[in-house]
Amino acid sequence: MAAEQDVQGLAGLVRRLDEASASAAHYPHLPALQPLRDAWQQLHADSRLRIALQQTPAEGGPLNSAVLVHRMLDTMHALSPEYLRHFIAHADTLAWLERLPPANAAATKRPPRKRGKAER
């Protein structure tokens, strides 16, 4: 049982999010809402794209990171708008996960390295 609770990585994160979600029991997954979720995801991605494209610097050089991202977003939008929506949703999820506090600070610290005879 202890081994099941010590799961790390993505599986541990999913378990923590499920356990911390107090509203999960009140709001079960309803398949009829999937078209609404898809429409919201598309609207949100389009909104984020519009905001990103408006923030492009006018005086950026060819290697300016903001200009390169703008060029990449334009190219992705021209070649595959659906892939761009998935990309934006993925980036939003990663940004959201980055703001989560670690499970416990002790688990993130590395144990001290043992020194051999040659290093003493």
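Two elements, helix 3 (34–54) and helix 5 (81–98), each contribute at least two residues to the lining of the largest cavity. The structure is a predicted model. Helix 5 provides the largest share of this lining, with 4 residues. The search of the whole structure returned 1 cavity of 30 Å³ or more, and the space in the largest cavity amounts to about 40 Å³. Its lining consists of Ala45, Asp46, Leu49, His77, Pro81, Leu84, Arg85 and Ile88. By residue class, the lining comprises 5 nonpolar, 1 polar and 2 charged residues.

The overall architecture is helical: the secondary structure contains 6 helices and 0 strands, and the order of elements from the N terminus is α-α-α-α-α-α. Of the 120 residues in the protein, 9% are buried.

In total, 3 salt bridges were found in the whole structure. One of them pairs Arg85 with Asp46, with the closest N and O atoms 3.6 Å apart. This pair links distant parts of the chain, as Arg85 belongs to helix 5 and Asp46 to helix 3, 39 residues apart. Both Asp46 and Arg85 are also among the residues that line the largest cavity. Arg85 has a relative accessible area of 16% and is therefore classed as buried, whereas Asp46, at 24%, is partly exposed.

Arg85 also meets the side chain of Glu82 in a salt bridge, at an N to O distance of 2.9 Å. Here both residues lie in helix 5, where Arg85 and Glu82 are 3 residues apart, about one turn of the helix. Through shared partners, the salt bridges join Asp46, Glu82 and Arg85 into one network.

Another salt bridge is formed by Asp92 and Arg48, whose closest N and O atoms are 3.1 Å apart. This pair likewise links distant parts of the chain, with Asp92 in helix 5 and Arg48 in helix 3, 44 residues apart. The relative accessible area of Arg48 is 41%, so Arg48 counts as partly exposed.

On the surface, Leu30, Leu33 and Leu36 form a nonpolar patch, and together these residues have about 270 Å² of accessible area. Leu30 is located in the loop between helix 2 (9–20) and helix 3. With a relative accessible area of 42%, Leu30 is partly exposed.

How values were computed:
Residues are numbered from 1 along each chain as its sequence is written. This is a predicted model: local features need pLDDT of at least 70, side-chain atom pairs count only at pLDDT 80 or more; totals for chains, interfaces and linings use all residues. Side-chain values use heavy atoms; hydrogens and water are left out. On a 1 Å grid over the protein atoms alone, a cavity is a set of points where a 1.4 Å probe fits but cannot get out, and a pocket is an open set with protein on both sides within 12 Å along at least five of seven lines; lining residues have an atom within 4 Å of a point. Grid points are joined across faces, edges and corners, and a volume is the space filled by probe spheres set on the points. Ala, Val, Leu, Ile, Met, Phe, Trp, Tyr, Cys and Pro count as nonpolar, Asp, Glu, Lys and Arg as charged, and the others, Gly among them, as polar. Patches are made of residues with over 30% relative accessible area and no salt bridge: like charges are joined within 9 Å, nonpolar side chains (Val, Leu, Ile, Met, Phe, Trp, Tyr) within 5 Å. Accessible areas come from the Shrake-Rupley method with a 1.4 Å probe; for residues, only the protein chains shown count as cover. A salt bridge is a side-chain nitrogen of Lys or Arg within 4 Å of a carboxyl oxygen of Asp or Glu. Buried means under 20% relative accessible area, exposed over 50%, partly exposed in between (1.4 Å probe, protein chains only).
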